[in-house]
Amino acid sequence: SGGGAGGSLNMAGWGWGDIPRPRDSSSETGKVVIKIKISPDGVVENATVVESTVSSQVAEVYRMEVFKKATFVRLSGNTDYAKGATGFITYIIKTR
């Protein structure tokens with residue numbers, strides 16, 4: 001049990017700092033997409049599930065893990081970071 005895979009990040013100008021690896025003890029498989037808003041220093045300010053093919057309980061495990069543990073680093077060339085950023089993290093939950 002436990003789908004410890006990291007999610008794929010889609011947020012221009014930013015990369016992973018600390019990658020959350022949710023401990024999902026369910027047997028569900030599917031996809032969870034989380035929209036995030038981060039501060040200029042790469043801390044998550046908001047995390048919302050925008051797409052999910054799993055139960056709301058499992059989606060919430062992933063959302064909370066992202067909200068509490070994810071951090072991001074500014075990539076070189078990102079000069080437009082003063083207002084933070086908005087992006088998406090996609091988790092594909094496979095059989096385990």
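Okay, let's start at Val66. Skipping its neighbours within four places in sequence, Val66 is in contact with Pro20, Ile34, Ile36, Val44, Ala47, Ile89 and Tyr91, where contact means heavy atoms within 4.5 Å.

Quick housekeeping. This is a predicted model, so local features need pLDDT of at least 70 and side-chain atom pairs count only at pLDDT 80 or more, while totals for chains, interfaces and linings use all residues. Residues are numbered from 1 along each chain as its sequence is written, and side-chain values use heavy atoms, with hydrogens and water left out.

Back to Val66, then. It's one of the residues with the most contacts inside the largest nonpolar core, along with Val32, Ile34, Ile36, Ile38 and Phe72; that core has 19 residues. By nonpolar core I mean a set of buried Ala, Val, Leu, Ile, Met, Phe, Trp, Tyr and Cys residues joined through side-chain atoms within 4.5 Å. Buried is under 20% relative accessible area, exposed is over 50%, and partly exposed is in between, using a 1.4 Å probe and protein chains only. β3, β4, α1 (56-69) and β6 each supply at least two residues of this core. Those elements are DSSP runs numbered from the N terminus: helices are H or I with at least four residues, strands are E with at least two.

Now β6, residues 85-93, where the side chains alternate.

Next, the rings. There are two aromatic pairs in the structure. Trp16 and Phe72 make a stacked one, 5.2 Å centre to centre with 25 degrees between the planes. Trp16 sits in β2 (residues 14-16) and Phe72 in β5 (residues 72-74), so the pair ties together parts 56 residues apart in sequence. For the record, rings of Phe, Tyr and Trp (its six-membered ring) pair if their centres lie within 6.5 Å; planes under 30 degrees apart are stacked, over 60 edge-to-face, and the rest tilted. Phe72 counts as buried because its relative accessibility is 4%.

Last stop, Ser39, in the loop between β3 (30-38) and β4 (44-52). Ser39 counts as buried too, at 8% relative accessibility.
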